[in-house]
Amino acid sequence: MVTNRVLIITGDTGDAETLLNTLGDAKDGPFVVECVSRLSDGVERLRAGGIDAIMTDLSLPDCQGIQTLDLLLSAAPHTPIMTLCDRDGEALATEAVQRGAHGYLTKPHFESSLLPQSLRNIIQRHAIEDAIFIERARAEITLNSISDAVIGTDLSGNIDYLNVAAEILTGWPRDEARGHAITEVMPLKSADTGSPVRHPVERVLQAGKPMGMGSETVLVQRDGKEVQVEDAAAPIYDANRRIRGAVIVFRDVMASREMTAKMAHLAQHDFLTNLPNRVLLNDRIAQGISLVERFGTHLAVLFVDLDNFKRINDSLGHAIGDKLLQSVAKRLCGCVRRSDTVSRQGGDEFALLVSEGNDAEHAALTAQRIVTALSVPHSIEGLELHVTASIGISTYPDDASDAATLLKHADTAMYQAKERGRNNYQFFSNDMNARAGERQLIETGLRQALALQQFVLHYQPTVDLDTGTITGAEALLRWVHPQWGLIRPRRFIGIAADCGLLVQIGRWVLQEACMQARRWEDAGVGLASVAVNISALEFSHKAFVADVREVLDATKLDPHRLQLEVAESSLMRDVNASAAVLMELKDVGVRLAVDGFGAGYSSLSYLTEFPIDVLKIDRSLIQKVSTAKGNGVVVGAVIAMGASLNHCVVADGLENHAQLAFLKALHCDEGQGNLFSPPLTADQFAALTVTGIPGRAALTRRRSRFRVA
Ligand code: C2E
Ligand code: MG
């Protein structure tokens with residue numbers, strides 16, 4: 001038997017004792033009784049919890065009358081209360097019952113042997129009421145959250161319940177519908193003949209057994225509109241298996257069909273552009289392949305990747321990025337026939353399935369059309385946005401025999417298009433496949449190269465063109481591959497960037513170069529600075545400046561002994577952001593160089609804005625300058641401008657005496673290239689600083705033989 005805990009609140013100690021005795025003597029099991037004399041003590045005890053019933057006098061030392069009950073009800077709303085009174089207090093006790101007390105006990109019955117049983121009944125009844133209440137609430141919430149309509153009726157088919165969906169579908173609010181016949185609230189007609197049908201509820205009540213989904217009928221709503229529904233009805237039984245009513249469940253057939261179609265569409269389409277997604281594209285390629293088999297034609301898969309989307313997305317925000325993707329999607333659709341498929345693979349990647357008929361050139365024409373269509377700026381929220389695309393093409397049956405391989409090959413060809421300078425298209429070739437394989441090997445190898453200490457730095461001197469003395473060293477990264485030997489950065493830097501390793505590798509280079517600069521300084525090798533190349537990715541990384549500071553601190557290298565070289569093209573990507581980072585670096589105290597100057601952008605105006613120290617003229621310009629003609633005018637202008645801005649101008653990739661003489665005649669400050677020395681190991685470089693550049697005297701002499709036009 002469960003032990004019940006009763007709290008007695010009365011100021012009358014005699015009454016308390018009597019009740020204690022009565023409850024203590026209970027034959028069918030003990031009560032645990034606690035007594036307090038003041039309401040405040042009672043309320044405090046109730047807050048601690050664990051009380052199953054309260055017996056209280058309404059007249060207490062600190063509170064009298066009905067207010068006592070009100071305070072107890074608010075302190076313990078879920079605990080049954082029995083009030084105690086003498087004969088004169090019965091009116092008040094009755095009022096208390098009306099306000100929520102569960103019963104009252106008059107003084108003559110305090111000793112009644114029936115008291116324990118009636119108290120136990122009150123407690124049990126309260127527990128059952130509580131459970132029913134929770135059960136009802138749960139059922140109500142469940143019924144109102146489902147999309148099916150539910151109506152309950154009594155034995156005569158009169159409504160006693162409607163859920164929210166039923167209210168909406170019939171047009172009858174619950175309060176109005178209650179008591180009306182089901183045939184009135186939910187009139188049904190045959191979908192075929194339009195004549196009234198016998199209501200399923202009536203049939204169920206008569207047959208006494210459930211009926212499954214019937215043939216479709218038409219429900220006439222309260223306002224006269226008609227909807228096609230399907231329904232199921234079942235009788236409700238009581239505890240004695242007697243039928244007490246019926247429940248009918250029904251739904252709008254069209255709405256549920258539309259919902260199913262919508263779900264199917266969502267599963268196969270991209271939510272942003274509403275283009276087919278990769279699942280549907282795969283299906284269409286498979287279908288396309290079987291058609292091609294039958295008619296002996298071709299089909300092509302074009303993989304389209306936007307070249308500079310990430311930058312736009314990062315700098316202008318995702319909302320603009322999304323609109324740009326939608327605009328691109330529209331243009332792509334404009335480049336193909338209706339029978340072709342344009343799909344979005346995710347991010348800034350699209351894939352197109354183009355059926356070629358007998359025309360093998362069709363894919364190339366489509367790709368060219370895409371390149372042209374995308375080259376027109378997209379105007380989005382008042383901004384003119386430029387994106388280009390790199391496109392890879394694979395064809396069936398030449399390149400692959402299934403959808404997955406066709407897509408993979410088109411993707412490989414797209415990478416090739418990226419490597420060829422973006423904004424172009426490439427057909428897949430097996431040779432590319434081999435390169436893609438190599439790319440994969442490099443990627444796997446790179447992931448371990450740092451840990452296995454396979455990177456080294458080589459150093460190439462920069463030389464003062466007047467005196468032939470070594471002024472500094474440029475650190476150039478080399479990967480000593482266990483099988484392939486020494487690998488130059490051109491082969492792996494791009495891959496390291498794509499697989500997210502470049503920032504980590506760059507940090508290693510910075511650290512190693514600074515440590516080496518420190519060692520040389522300690523050994524008395526007199527260099528103005530050691531230069532480190534910084535890729536666009538590192539330069540725009542938010543922790544970059546902090547990293548530079550940290551490395552300088554750790555290696556204790558004087559900041560102006562470190563030169564950071566950033567490619568002109570990297571700086572031009574976002575001129576304002578670049579200027580801000582350069583300013584911060586200037587504050588750190590490092591030397592700043594623009595690398596590869598003149599190779600592409602030749603936008604000179606920013607030079608005055610950026611706090612740079614060194615201009616490195618791109619190798620490609622120097623190589624064309626073997627005579628005073630050719631690009632001499634451009635190089636001359638760059639040198640003159642550098643001088644006027646007080647920048648040190650360095651000619652990169654000096655290979656022969658003719659170039660040297662030409663540059664000396666133009667008063668170029670410094671040079672770097674194989675003419676002086678190829679990149680060397682750190683030890684070889686230290687030795688070179690002792691012996692000096694071979695033929696140094698000859699290098700300084702030749703100046704007078706050239707005149708500048
Ligand atoms: P860069 O900064 O323009 O470096 C000079 C490149 O020119 C080096 O190629 C060097 O070996 C080469 N070179 C030097 N003298 C001559 C010459 O007389 N003729 C010719 N044709 N080439 C010459 P390398 O070492 O293959 O580096 C290529 C590029 O890779 C570098 O171009 C630089 O942009 C990048 N790079 C090198 N090391 C790193 C690094 O640690 N981090 C980053 N982010 N990039 C690096
Ligand atoms: Mg460089």
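This report walks through the sheets, cores, aromatic pairs and metal site of a predicted model.

As this is a prediction, local features need pLDDT of at least 70 and side-chain atom pairs count only at pLDDT 80 or more, while totals for chains, interfaces and linings use all residues. Residues are numbered from 1 along each chain as its sequence is written, chains are lettered from A and ligands numbered from 1 in the order in which they are written, and side-chain values use heavy atoms, with hydrogens and water left out.

## A parallel sheet

Let us start with the strands. Helices (H or I, at least four residues) and strands (E, at least two) are DSSP runs, numbered from the N terminus. Two strands pair if DSSP finds at least two bridges between them.

An open sheet is formed by 5 strands with parallel pairing, in the order β2-β1-β3-β6-β7. At its edges stand β2 (31–36) and β7 (103–106); each has a single partner strand, so one side of each is left without a neighbour in the sheet. From one strand to the next, the twist averages 20 degrees. (Axes are lines fitted to C-alpha atoms, for helices over the stretch in contact, and angles run from 0 to 180 degrees between N-to-C directions.)

Strand β1 (residues 4–9) runs parallel to β2 and is joined to it by 6 bridges. Here valine 6 stands opposite valine 33 in β2. Helix α5 (residues 115–145) packs on this sheet and touches β1, β2, β3 (53–57), β6 (81–85) and β7; contact means heavy atoms within 4.5 Å. The direction of α5 makes about 120 degrees with that of β3.

## An antiparallel sheet

Another open sheet has 6 strands in the order β9-β8-β13-β12-β11-β10, and its pairing is antiparallel. Its edge strands, β9 (159–162) and β10 (188–190), each pair on one side only. On average, neighbouring strands of this sheet are turned by 35 degrees against each other, direction ignored.

Within it, 4 bridges join strand β11 (residues 217–220) to strand β12 (residues 226–237), and the two run antiparallel. Valine 218 has glutamine 228 in β12 as its bridge partner. Helix α9 (residues 200–207) packs on the sheet, touching β8 (149–154), β10, β12 and β13 (243–252), and its direction makes about 145 degrees with that of β13.

Histidine 199 sits in the loop between β10 and α9. With a relative accessible area of 2%, histidine 199 is buried; buried means under 20% relative accessible area, exposed over 50%, partly exposed in between (1.4 Å probe, protein chains only). Leaving aside neighbours within four places in sequence, histidine 199 is in contact with Ile182, Thr183, Met186, Leu188 and Ile248.

## Nonpolar cores

A nonpolar core is a set of buried Ala, Val, Leu, Ile, Met, Phe, Trp, Tyr and Cys residues joined through side-chain atoms within 4.5 Å. The largest one has 81 residues, of which Leu446, Val548, Leu562, Leu564 and Leu585 touch the most other members. Helix α18 (residues 502–522) gives the largest share of this core, 8 residues. Not counting residues up to four places away in sequence, leucine 446 touches Phe455, Trp479, Phe492, Ile495, Ala496, Leu501 and Ile505. There is also a second, separate core of 31 residues, which includes Ala300, Leu325, Leu332 and Leu385.

## Aromatic pairs

The structure holds 9 aromatic pairs. Rings of Phe, Tyr and Trp (its six-membered ring) pair if their centres lie within 6.5 Å; planes under 30 degrees apart count as stacked, over 60 as edge-to-face and the rest as tilted. The table shows two of the pairs.

| Pair | Centre to centre | Between the planes | Type |
|---|---|---|---|
| Tyrosine 459 and tryptophan 520 | 4.9 Å | 70 degrees | edge-to-face |
| Tryptophan 479 and phenylalanine 492 | 5.6 Å | 80 degrees | edge-to-face |

Tyrosine 459 lies in strand β21 (residues 455–464) and tryptophan 520 in helix α18, so the pair ties together parts that are 61 residues apart in sequence. Tyrosine 459 is buried at 1% relative accessibility, and tryptophan 520 is buried at 5%.

Tryptophan 479 and phenylalanine 492 are both buried. Ring pairs link Phe455, Trp479, Phe492 and Trp508 into a cluster.

## The magnesium site

The magnesium ion (ligand 2) is coordinated by Glu474 (OE), Asn533 (OD1), Glu565 (OE) and Asp595 (OD), at 2.0 to 2.2 Å. Donors are N, O and S atoms within 2.8 Å of the metal (3.2 Å for Na, K and Ca); water is not among the atoms, so sites may look incomplete. Glutamate 565 is in strand β25 (residues 562–567) and aspartate 595 in strand β26 (residues 591–597), 30 residues apart. Glutamate 565 counts as buried at 2% relative accessibility, and aspartate 595 is buried with a relative accessible area of 13%.
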